Amino acid sequence: MIDDGFSPESLRERAEEAGSVFTAEELLATNKMVMMALYSLGGERSCASVFRAGRMLAGSFGAETLENALHIFCELTGADYDLDRDYVAIESCPECLGYVNAEGAVCNFLRGFISRAAEHELGEVVSVAQVACEATGDASSS
């Protein structure tokens, strides 16, 4: 298998390297500035692109189940998840961190990631709707 830089191992190595150079606050601020600029430039198209990026990354993980993919994602990001039959809750979502009262849900990457991982497991198209988002002020489920 060719390492395209998106394997869990490559991502872990790159995160450790970035963490040795930048503080968590600097990385968070940089990520939020990039995402805000992207959304400002492309609007809804940007949301769709970020969603597709989440699908691409989930596909590159090679996880056999949604739970395996979520475990890898959370191990890489420090988030936590709760998985029920028709419901996934992400605690400390990396996409929400740093937002205060966003106008709408910001977890487009994670929605794409979950949809692709679930499709891989079930073998059929899966629609993922975000019903709450900490970035908009919704309470977390913890």
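Which residues form a nonpolar patch on the surface? Val21, Phe22 and Leu27 do, and together they have about 270 Å² of accessible area. This is a predicted model, in which local features need pLDDT of at least 70 and side-chain atom pairs count only at pLDDT 80 or more, while totals for chains, interfaces and linings use all residues. Residues are numbered from 1 along each chain as its sequence is written, and side-chain values use heavy atoms, with hydrogens and water left out.

A patch is made of residues with over 30% relative accessible area and no salt bridge; like charges are joined within 9 Å, and nonpolar side chains (Val, Leu, Ile, Met, Phe, Trp, Tyr) within 5 Å. Accessible areas come from the Shrake-Rupley method with a 1.4 Å probe, and for residues only the protein chains shown count as cover. Helices (H or I, at least four residues) and strands (E, at least two) are DSSP runs, numbered from the N terminus. Phe22 counts as partly exposed, at 43% relative accessibility. Here buried means under 20% relative accessible area, exposed means over 50%, and partly exposed lies in between (1.4 Å probe, protein chains only).

Glu9, Glu13, Glu16 and Glu17 form a negative surface patch. In this count Lys and Arg are positive and Asp and Glu negative, with His and the chain ends not counted; the place of a charge is taken as NZ of Lys, CZ of Arg, CG of Asp or CD of Glu. Glu17 belongs to helix α1 (residues 8-21) and is exposed, with a relative accessible area of 55%.

Next come the paired charges. Side chains of opposite charge can pair when their charged atoms come close. A salt bridge is a side-chain nitrogen of Lys or Arg within 4 Å of a carboxyl oxygen of Asp or Glu, and a search of the whole structure finds two. In one, the side chains of Glu119 and Arg55 meet at 3.0 Å, N to O. Because Glu119 lies in helix α5 and Arg55 in helix α3 (residues 44-61), this pair ties together parts that are 64 residues apart in sequence. Glu119 is buried at 15% relative accessibility, whereas Arg55 is partly exposed at 24%. Arg85 also forms a salt bridge, with Asp86, where the closest N and O atoms are 4.0 Å apart; both residues are exposed.

Helix α5 (residues 108-122) also holds Gly112, which is buried at 0% relative accessibility. From C-alpha to C-alpha, Gly112 and Val128 are 7.8 Å apart in space, and they are 16 residues apart in sequence. In the loop between β2 (87-91) and α5 lies Ser92. The phi of Ser92 is near 60°, a positive value in a residue other than glycine, and Ser92 is partly exposed at 41% relative accessibility.

How many disulfides does the structure hold? It holds zero, where a disulfide is a pair of cysteine sulfur atoms within 2.5 Å. For Cys47, the nearest cysteine sulfur is that of Cys107, 11 Å away. For Cys74, the nearest is that of Cys93, 9.1 Å away. Cys74 is buried, at 8% relative accessibility.
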